[in-house]
Each structure stands twice: as structure tokens, then as C-alpha cells.
Amino acid sequence: MKILFLNGPNLNLLGQREPEIYGRTTLADIEAKVRSHATELQVAVEFRQSNQEGELVDWIQQAKGQFEVIVLNAAAYTHTSVALRDAIAATGVPTIEIHLSNIHAREEFRHKSLIAPVCRGQILGFGANSYVLAVNAAIGLDQR
Ligand code: DQA
């Protein structure tokens, strides 16, 4: 089984970006944690980040037939992007929404996720561990 991890805007700055909210772990550290967990569970992962909405849309479209599950931290696009939502709905690849922070405990504009209705579920608020938990959730989805 292959899982595609997609990361949206500003997540390339993890480690230095608002560490009181997102912690000191870099995206490379998170990728290493995910890889080691995935290897133990014998699943393959691919990890990508983009600051461009259109590139994320392209990757979601291209995932069809290549990956069993997408794990998506759409970052700020979570709250704004009809295009990402439509891409998930159009391609039909089971998608799990994740966040490092608990978006419901933050500013009101973060409480709404435009992608939630087309995702299978959400994992949020566990910092880097949200990503590791998503590997387990993805395997569970694939075995349903
Ligand atoms: C985030 C939460 C979003 O509201 C924010 O725009 C991000 C990161 C998270 O992982 O907690 O960039 O997706």
C-alpha cells in the first residue's frame, strides 16, 4: 500500500514558524518519523510540500491509481480552497485531513474546513504525532 502525504503553504517553515503553536520539529523531522513508522508497518509513503494551491490540486489529481490514500495537511488552504475540495471529490482517492494544531481551539476563521466534508476523517491537535497517527488511520481505511 502507498500513502501520499501532501503538505500545504508555510509548512516548509516548520521548526522556525510560530514554535509556540507548531513546535520545534521540522517537516524533515516529521517525514523521518512517518517513514520509520511506515517501514515498521510495511507501507510505502511519499512526502511532498508546496506553497502553490494549483500544484497541490495537480498532485491530488495524479494520485488516482498511484496511491491508496492521501493524507493532507492543506494548512491555510484548508479554510479557503474550493479547488482542493473539488479535486478530492473529483478523484475519489480516500483522503484524511490532518493538522498539527487543534484548529477548533484557535481563531474563529480556522474553525471551518472546506475540505472536511469530502475527507474520510480528521486528525488534529497532536503536533507531529498527527502525521504518525494518520499512517494507522490510512491502513485502517485501506483494509475496510
Ligand atoms: C495547520 C492549521 C492551519 O490553520 C494553518 O493555516 C497552518 C497549519 C496545522 O497543521 O495546524 O498553516 O494546518
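**Close-up views of a predicted model**

**View 1. Asparagine 73 in strand S3.** Asparagine 73 has a relative accessibility of 3% and counts as buried, since the cut-off for a buried residue is a relative accessible area under 20%. The model shown here, as in every view below, is predicted. Asparagine 73 belongs to strand S3. Neighbours within four places in sequence being set aside, asparagine 73 is in contact with Leu6, Asn7, Gly8 and Leu11, with Ile98, His99 and Leu100, and with Tyr131.

**View 2. The open sheet of five strands.** The strands follow the order S2-S1-S3-S4-S5, and their pairing is parallel. The edges are taken by strand S2 (44-49) and strand S5 (121-124); each has a single partner strand, so one side of each is left without a neighbour in the sheet. On average, and with direction ignored, neighbouring strands of the sheet are turned by 20° against each other. In general, strands of a sheet pair through backbone hydrogen bonds, and the pairing can be parallel or antiparallel.

**View 3. Strand S1 between its partners S2 and S3.** Of the six residues of S1, five are buried, so S1 is largely enclosed by the rest of the structure. Towards S2, the parallel pairing of S1 is made by six bridges. Isoleucine 3 stands opposite valine 45 of S2 in this arrangement. Strand S1 (residues 2-7) also runs parallel to strand S3 (residues 69-73), and five bridges join the two. Leucine 4 has isoleucine 70 of S3 as its bridge partner, while asparagine 7 has asparagine 73 of S3. Helix H3 (residues 53-63) packs on the sheet and touches S1, S2 and S3; the direction of H3 makes about 170° with that of S1.

**View 4. Strand S4 and its pairing with S3.** S3 and S4 run parallel and are joined by three bridges. Valine 71 has isoleucine 96 of S4 as its bridge partner. S4 is mostly covered, with five of its five residues buried. From S4, Thr95, Glu97 and His99 point one way and are buried. Ile96 and Ile98 point the other way and are buried as well.

**View 5. Asparagine 102 in the loop between S4 and S5.** Asparagine 102 lies in the loop that runs from strand S4 (95-99) to S5. Its relative accessible area is 34%, so asparagine 102 is partly exposed. Beyond its neighbours within four places in sequence, asparagine 102 is in contact with Leu124 and Gly125. Alanine 90 is 12 residues from asparagine 102 in sequence, and their C-alpha atoms are 27 Å apart in space.

**View 6. Glutamine 42, with a positive phi.** Glutamine 42 is found in the loop that links helix H2 (27-40) to S2. The relative accessible area of glutamine 42 is 72%, so this residue is exposed. Most residues other than glycine have a negative phi. Glutamine 42 is not a glycine, yet its phi is positive, at about 60°. Lysine 2 is 40 residues from glutamine 42 in sequence, and the two are 9.7 Å apart in space from C-alpha to C-alpha.

**View 7. Alanine 75, with a positive phi.** Alanine 75 is found in the loop between S3 and helix H4 (82-91). The phi of alanine 75 is about 50°, a positive value in a residue that is not a glycine. With a relative accessibility of 12%, alanine 75 counts as buried. Alanine 75 is also one of the residues nearest the centre of the largest pocket.

**View 8. The largest pocket and its lining.** The volume of the largest pocket is about 150 Å³. Its lining is made by 15 residues, and those nearest the centre of the pocket are Tyr22, Ala75, Ala76, Arg106 and Arg110. Sorted by class, the lining has seven nonpolar residues, five polar residues and three charged residues.

Methods:
Residues numbered from 1 in each chain as written. Predicted model: local features only at pLDDT ≥ 70, side-chain atom pairs only at ≥ 80, totals over all residues. Heavy atoms only, no water. Pairing = 2+ DSSP bridges. Helix = DSSP H or I, 4+ residues; strand = E, 2+ residues; numbered from the N terminus. Axes fitted to C-alpha atoms, helices over the stretch in contact; angles between N-to-C directions. Contact = heavy atoms within 4.5 Å. 1 Å grid on protein atoms, 1.4 Å probe; cavity = no way out; pocket = protein on both sides within 12 Å on 5 of 7 lines; lining within 4 Å. Points joined across faces, edges and corners; volume = space filled by probe spheres on them. Nonpolar A, V, L, I, M, F, W, Y, C, P; charged D, E, K, R; others polar. Buried < 20%, exposed > 50% of the residue type's maximum accessible area, 1.4 Å probe, protein only.
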